[in-house]
Amino acid sequence: MPRFVIDPREFADQRVLVTGGTKGAGQAIVRRLSAAGAVTVAVARSAIPVDSTPGLFVQADLCTPEGAVTVVRTVKDKLGGIDILVHNLGGSSAPGGGFAALTDELWQEELSLNLLGAVRLDRALIPAMIERGRGVVLHISSIQRRLPLPDSTIAYAAAKAALSTYSKALSKELGPKGVRVNSIAPGWIRTTAAEALVQRIAEHSGTDEAAARQSIMDALGGIPIGRPSWPEEVAELVAFLASARAASIHGSEYTIDGGTIPTV
Ligand SMILES: NC(=O)c1ccc[n+]([C@@H]2O[C@H](COP(=O)([O-])OP(=O)(O)OC[C@H]3O[C@@H](n4cnc5c(N)ncnc54)[C@H](OP(=O)(O)O)[C@@H]3O)[C@@H](O)[C@H]2O)c1
């Protein structure tokens with residue numbers, strides 16, 4: 001796992017909300033920004049894992065309008081507002097079987113998780129950023145919005161495409177008002193869940209973890225650097241884009257995929 005030099009004061013007094021901030025990339029983002037002095041808020045459905053250390057944890061289902069209301073009310077009551085909003089929430093649980101297996105319910109679930117959860121929180125929390133004339137919004141998309149995989153992630157890829165397009169549109173509206181908006185498109189990230197998938201593939205196919213990992217990379221068309229990204233590397237990019245060092249970066253999408261996307 002990579003280690004980076006962190007300025008412990010870079011985000012001092014900044015209030016940061018990270019959706020899905022208890023596992024995978026979200027947990028790494030919370031750790032990275034907390035270590036840099038931010039007051040972090042993590043949101044997830046399950047109780048907080050013992051190794052997670054946000055300043056504040058809100059238990060809510062962000063696929064529902066009620067979950068968004070709970071989060072907004074809690075951060076306004078406890079912190080007065082949010083300066084940096086990291087929409088890390090996302091994923092897919094759709095079954096295999098291609099387009100025909102995707103019912104209206106499954107489409108709705110993928111859109112709620114990967115698009116509407118962010119849209120609702122933005123609508124509630126950005127007006128206060130506009131009033132203050134400053135703020136940062138980051139949407140975690142996916143390379144699948146440009147490189148959709150067939151079989152089980154069609155709806156996920158389409159929802160992430162919508163998220164990236166929404167993020168760009170939002171940047172045009174908010175840039176003149178002092179709020180910076182960008183998105184990040186990761187490729188394969190080496191999360192705990194991804195490692196569990198590697199183990200399942202190895203057990204199912206009777207190979208070892210290296211072969212299973214290679215089979216996932218092959219399905220992606222190869223990863224030129226030969227490995228997935230670490231969650232800490234995604235968190236480092238988030239920290240950069242959220243910081244004053246990126247003050248003129250706005251309306252962009254940064255890809256972090258070890259070269260997986262094969263075109264310019
Ligand atoms: N992993 C990858 O290879 C990869 C690749 C490209 C893009 N991405 C994107 O990167 C982001 C992070 O992915 P990840 O793999 O690190 O995620 P992850 O390990 O699956 O963690 C997901 C987080 O979101 C929370 N969560 C899930 N559903 C929720 C809901 N309805 N309401 C509130 N919280 C919820 C989870 O906690 P609970 O389960 O307790 O709710 C957990 O904290 C996602 O947007 C994903 O699409 C990931």
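This is a predicted model: local features need pLDDT of at least 70, side-chain atom pairs count only at pLDDT 80 or more; totals for chains, interfaces and linings use all residues.

**Helix packing and the ligand site**

Modeller: Let's start with α1 and α7: G24, A25, A28, I29, R32 and L33 of α1 meet P231, E232, V234, A235, E236, V238 and A239 of α7. Contact means heavy atoms within 4.5 Å. Helices (H or I, at least four residues) and strands (E, at least two) are DSSP runs, numbered from the N terminus.

Colleague: How many nonpolar, polar and charged residues are in the contact of α1 with α7?

Modeller: That contact has 9 nonpolar residues, 1 polar and 3 charged. Ala, Val, Leu, Ile, Met, Phe, Trp, Tyr, Cys and Pro count as nonpolar, Asp, Glu, Lys and Arg as charged, and the others, Gly among them, as polar.

Colleague: At what angle do α1 and α7 cross?

Modeller: The axes of α1 (residues 24-35) and α7 (residues 231-242) cross at roughly 55° and come within 8 Å. That makes α1 oblique to α7. Axes are lines fitted to C-alpha atoms, for helices over the stretch in contact, and angles run from 0 to 180 degrees between N-to-C directions. Under 35 degrees counts as roughly parallel, over 145 as roughly antiparallel, 65 to 115 as roughly perpendicular and the rest as oblique.

Colleague: And α2 with α3, what's the angle there?

Modeller: Roughly 30°, with the axes of α2 (residues 65-79) and α3 (residues 104-132) coming within 10 Å. α2 and α3 are therefore roughly parallel to each other. P65, A68, V71, V72, V75 and K76 of α2 make the contact with R120, L121, A124 and L125 of α3. By class, 8 of these residues are nonpolar, none polar and 2 charged.

Colleague: How do α5 and α6 pack?

Modeller: α5 (residues 192-205) and α6 (residues 209-219) pack at about 110°, axes 8 Å apart. They are therefore roughly perpendicular to each other.

Colleague: Switching to the ligand, which residues come nearest?

Modeller: T22, R45, S46, N88 and Y156, out of 28 residues around the ligand, counting a residue if one of its heavy atoms lies within 4 Å.

Colleague: What about T22, how far is its side chain from a ligand oxygen?

Modeller: An N or O atom in the T22 side chain is 2.7 Å from an oxygen atom of the ligand. A polar backbone atom of L62 is 2.9 Å from a ligand nitrogen.

How values were computed
Residues are numbered from 1 along each chain as its sequence is written. Side-chain values use heavy atoms; hydrogens and water are left out. A polar contact is a pair of N or O atoms within 3.5 Å; within protein, one must be able to donate a hydrogen and the other to accept it, and residues adjacent in sequence count only if both atoms are side-chain atoms.
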